[in-house]
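I opened my notebook to record what I looked up in this model. The entries follow the order in which I went through them.

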Amino acid sequence: MSQLELAFLHIPKTAGTSQHQSFNRMYGKDNVFWFGNDCPGNIKHYPEKLVGASALVGGHKPLSFYPAHYWPLFCTVLRDPVMRAISLFTYFTKPELARLQPERKARERQLQNMLRQGVDPDSMLNSLTRCESFRKLVSNVQCAYLSRSGASFESVLSSLMRHDFVVGTLDNYDDFHQALGQILGWPATKPGLINRSRDNYAEDYLADTDLISMLQALNTQDIKLLDYVAGEHNGLLVNIKNRQERDRRLARLPLRPGSDDNRPHPWATIAQNASFRERHNKLPWPLSDIKVCELHRIFYPIIPGAARSKALNRLLDQSIMEHDNEASGSENQNALEDLNAAHMLRHKPLSTAREITTDDSYFQFALLDDPIHRLVEVYTQSFLASDSSTASRPKLRRCVAAIQGLANPDFNLGVTFRQFVERIVQLKPREQDLYCLPQHFFLKGVKNKYRLYRQDQLQKLQRDLLSCAGLSVNFSDPVISTPPLNRGSACGKSWPGQYADCLPRELPPERPLQASELINDELRDIISQFYKEDLDLYASAGEDYEVNVS
């Protein structure tokens, strides 16, 4: 049974989940013991036998929970006590803000329990007055977590003198993460995204002067503690009495083998580092083809489709490179070409890849094409454009060959749009060319929610990337910002489809075709039925999409 080396005191609603994810990434979940995950959260005494050989523990347990003779490095994050209390009340009373269905259900059950104890979901002030248990949860809790002898600022100072501590604040969380990482010998990493509410939940509460006065009165000691760390220590207090001995002990923490693979590759050297081409973690499709940027904590599926989607994905790659100041200009085009492969999820260590797919601190988004537009453009690119690459796609070749009744398809002859559609809708998913496969298949396998965007929502995506991932992207390229292919007739009106039965050489060459010239009402119904789920997703873009992983 090994000695405890690192303990994280997770004060509720202070970004502890983000730090837990960082520990899992650096050491692997098997080497991190977390109260509430690896044992019941309401356990009363330190479970030495359950903790076993784990040298790193954490969870919603105060300093006093740990045996007094233990001497780990304790670390924690503080938050403005008023904002912490408001966040906790919102957590209890607004389960609809939960990102995932299991969490939503758990919070709904918790709300019912709090209602029985006197919480008023419509009034935080009433809840503080009527519900003693809730009042205790928001009264000098941070001092109670950092003390062995009472929830007072003086008791915390005594604890800080006796134990080794790293204490940060939520407002300076990046500094805390960086300092702790340096002490622990981590490679340079960006902290996980701190959970954000979907709206400005605190605004109305902060306007209630009676409520704020009561919360301040309940947290006089916590306010002193926060002022001490934020004011006298610039938001980061590090107290390690014997640094050499502490470093020796922390060196025993089992930093994940191959942790260098967890560090973002310098963009400028990707082209020279070809080792990723030789590594495939056997992750199943479509997870294998998700693109990941660990530095900015974003990932998104590459959905083949219209030219705008290709340009958009390329722009994201370029923006990530430029944002990190690691590569720019034509001399790094090789690095940009290799970025697609180097940062596919299939090229990560398997354990890392699996963790990323369940890590809700990542900003997960997907770019959707209008399903009808996508199919029309696949047809025009295959038979009307000078893009010879389409003829090399095996499944598309088999599709065209079956329509023509030839062993080797003749792309110069081509097929009519009606023939193309009727063949596509007959094929099973595994037989489809990826450019024709319904887009919802590319969203499977991820346990969290994708945020969906259409081509006409790029400005919203641009804002969300900046606010959620700190990534500045300028979606001003004319190829990207061009409106989708004109469908022709207004929605609900008849589509003539006068060219539906024409071979490519019989189509007018002098102008781009409108979708309604290739698609009549009958074909529109066939396409709409085949791509029904895609059309529903496209209509709901701008919202979170909960993936069905079954």
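Predicted model: local features only at pLDDT ≥ 70, side-chain atom pairs only at ≥ 80, totals over all residues.

Lysine 241 lies in the loop between strand 6 (236-239) and helix 13, while aspartate 164 belongs to strand 5 (residues 164-169), so the pair ties together parts that are 77 residues apart in sequence. Lysine 241 has 44% relative accessibility and counts as partly exposed. Aspartate 164 has 0% and counts as buried. I noted the general point that side chains of opposite charge can pair when their charged atoms come close.

I found arginine 252 and glutamate 5 joined by a salt bridge of 2.4 Å, N to O. The pair links distant parts of the chain, 247 residues apart. Arginine 252 is in the loop between helix 13 (243-250) and strand 7 (290-293), and glutamate 5 is in the segment before strand 1 (6-9). Arginine 252 is partly exposed at 43% relative accessibility, whereas glutamate 5 is buried at 1%. I also saw that Glu5, Arg249 and Arg252 are linked in a network of salt bridges. How many salt bridges does a search of the whole structure find? I wrote down 18.

I counted aromatic pairs next, and the structure holds 33. One of them joins tyrosine 91 and phenylalanine 92, with 6.0 Å centre to centre. The angle between their planes is 65 degrees, and planes over 60 degrees apart count as edge-to-face, so I filed this pair as edge-to-face. Tyrosine 91 is partly exposed, at 24% relative accessibility, but phenylalanine 92 is buried, at 6%. I also listed one aromatic cluster, formed by Phe33, Phe35, Tyr46, Phe65, Tyr66, Tyr70, Phe74 and Phe165.

I looked up arginine 393 and found its charged end over the ring of tyrosine 435, 4.0 Å from the centre. Arginine 454 lies over the face of tyrosine 538, with 5.5 Å to the ring centre.

How many disulfides does the structure hold? I found zero. I checked the cover of two cysteines as well: cysteine 39 is buried, with a relative accessible area of 6%, and cysteine 143 is buried at 0%.

I finished with the totals. The protein chain has 24 helices and eleven strands. Of its 550 residues, 52% are buried. Among contacts with a separation of 6 or more, 74% are between residues 24 or more positions apart. The chain exposes about 25000 Å², and carbon and sulfur atoms supply 49% of that area.

Conventions: Residues numbered from 1 in each chain as written. Heavy atoms only, no water. Phe/Tyr/Trp six-rings, centres within 6.5 Å; stacked < 30°, edge-to-face > 60°. Buried < 20%, exposed > 50% of the residue type's maximum accessible area, 1.4 Å probe, protein only. Lys NZ or Arg CZ within 6 Å of the ring centre and 35° of its normal. Disulfide = S-S within 2.5 Å. Salt bridge = Lys/Arg side-chain N within 4 Å of Asp/Glu carboxyl O. Helix = DSSP H or I, 4+ residues; strand = E, 2+ residues; numbered from the N terminus. Contact = heavy atoms within 4.5 Å. Areas by Shrake-Rupley, 256 points an atom, 1.4 Å probe, with all protein chains shown as cover.
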